[in-house]
Amino acid sequence: MNRNITDVSTAPSETPAAQKVVGLSGSMGTFRLFALVMAFVSPLVTVAGWLVILIAYGGPAAPAMMLVAAVLVTIFSLGFVAMGHHMPNPGAFYSYVAASLGRVMGLGAGFVAVAVYILLGMSSFIFFGVAASNFVTGELHGPGISWYWYTLMLLVVVSVFGYLQVELSAKVLLVAMSLEIVVVLIFDLAIFAGGNVSEQGGVSLEPFSWMSLTGASWGLGLLFAILFFNGFEGTAAFREEVRDPARTIGRTTLMVVAFVGVFYCIASWAIVSYFGADKAVELASSDPVSMFTTALGASAGQWLVDVASILLLTSIFAASVSIYSILTRYLYSLGVDRVLPRQLGAVHPKHNSPHKASFAAGALFLVGVLPVMLGGADPSLIYGRLGGTGGYGYLLLFAVVSLAVLVYFWGRRGSHSVNVWVSVVAPAASLVAMSVLLIVGIMNFSTLTGGSGALAVILQAVVWGSGLTGIALGIFYRAKRPDIFARIGRRDVTETAQLS
């Protein structure tokens with residue numbers, strides 16, 4: 001068999017009597033998994049912040065761009081989900097690339113994924129510190145406490161959730177996310193059902209008109225729109241902790257993609273409708289921070305703005321828990337494979353959580369945030385740049401995984417039942433689309449991150465350097481530690497004894 005397309009059945013194994021399965025377990029259903037992953041995209045934060053940026057670059061056609069982005073991610077998801085049915089390895093992107101493009105490339109993808117979630121997590125933690133500090137001093141008229149104390153407090157709280165069983169996080173996030181969604185839906189109803197718009201506004205199909213679509217900046221617009229789907233692959237990261245993963249993961253993945261696309265399409269349409277197309281684009285560029293709250297207060301009432309101010313903090317908290325949980329499971333998978341210290345593959349005997357990987361994730365976030373704290377950098381600039389860089393890395397993963405799915409099924413043609421549309425056409429189309437968007441991201445990196453010059457080089461180097469580090473380590477293991485190399489991609493998830 002080709003070395004780069006090794007089937008999971010070739011993984012080294014022990015005698016049945018000596019084997020004892022080591023791994024996480026759980027019984028999460030579709031809705032809890034949905035909440036855990038959806039929290040990543042922070043409905044309220046996204047509507048109040050990222051949607052405004054999409055309108056600034058995509059113009060009045062922003063709602064249509066959300067639908068196009070949803071179609072592209074759905075096409076990607078078809079092959080992604082099909083591969084999950086045929087390859088039961090935990091580890092998400094890391095495992096999928098390793099099973100298709102070889103263990104060396106798989107480890108490179110795994111390291112990129114780790115870097116992406118560290119960047120996105122740092123962005124979320126710092127953003128919370130800034131938002132909490134402003135809320136306490138501005139809304140509660142409390143003491144002026146530096147942002148980083150709130151960031152450190154959040155890190156401690158999220159670490160506790162990481163230590164406990166993931167179902168607790170899923171239950172909490174389901175409540176938090178539901179409240180956020182209700183606020184946005186009330187706003188939507190105020191616009192579309194109540195007709196509460198400004199003097200220049202009005203509900204119309206203009207965002208979907210030929211004039212808006214042909215006059216839009218599709219490159220940058222789609223680039224930002226596609227980033228709204230960051231984290232949806234987290235469904236596969238929790239494979240060991242869901243009930244009936246073969247059905248639950250695929251169903252939840254497509255649910256998340258559909259919900260994100262439709263929900264944010266309607267929300268962006270509501271914002272454009274409230275202000276009117278021309279005014280919306282103007283404000284998105286000149287006053288993006290207060291654009292949503294202005295529309296929310298005027299259309300639905302100031303009381304809802306006050307509620308949203310509080311829920312903004314819970315939204316960032318929920319996103320932080322989700323990001324932290326996914327990063328923890330990547331570190332756990334790398335620990336199970338012995339790529340990283342084997343202790344990271346430990347499972348807590350009571351909470352059934354990857355507790356040591358969780359501690360490691362907390363340490364990584366702390367190490368990442370400390371230079372920002374000690375260096376005196378402006379946190380309101382830093383979190384956006386980190387988030388943009390993490391999104392850029394996600395585009396790289398999209399492109400690589402699209403190639404992996406295509407190669408995986410092509411190498412097994414004739415031996416699987418997946419139809420050609422899902423096994424060939426969808427991943428090929430996704431590969432082209434994601435590669436084009438990655439190129440657009442490279443060409444517009446300073447716009448995506450807000451960084452330029454030397455900073456842009458450093459931020460890009462973090463993403464590409466993490467992948468090259470993983471590839472180099474994979475080559476080293478292949479030459480010097482074939483026992484570890486054989487495990488890369490969660491090929492062997494059995495041990496002789498439970499780690500502690």
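Tutor: On a 1 Å grid over the protein atoms alone, a pocket is an open set of points with protein on both sides within 12 Å along at least five of seven lines; a cavity is a set where a 1.4 Å probe fits but cannot get out; lining residues have an atom within 4 Å of a point. The model is predicted: local features need pLDDT of at least 70 and side-chain atom pairs pLDDT 80 or more, while totals for chains, interfaces and linings use all residues. Numbering runs from 1 along each chain as its sequence is written, and side-chain values use heavy atoms, without hydrogens or water.

Student: How much space lies in the second largest pocket?

Tutor: Its lining has 15 residues. L119, M122, G368, L386 and V462 lie nearest the centre. A volume is the space filled by probe spheres set on the points, joined across faces, edges and corners. Here that is about 290 Å³.

Student: Which element gives the most to that pocket's lining?

Tutor: Helices are DSSP runs (H or I, at least four residues), numbered from the N terminus. α5 (103-138), α15 (355-375), α16 (379-411) and α19 (454-480) each give two or more residues. The top contributor, with 5 residues, is α15.

Student: How many residues of this pocket's lining are nonpolar?

Tutor: Asp, Glu, Lys and Arg count as charged; Ala, Val, Leu, Ile, Met, Phe, Trp, Tyr, Cys and Pro as nonpolar; the others, including Gly, as polar. The lining holds 1 charged residue, 1 polar, and the nonpolar count is 13.
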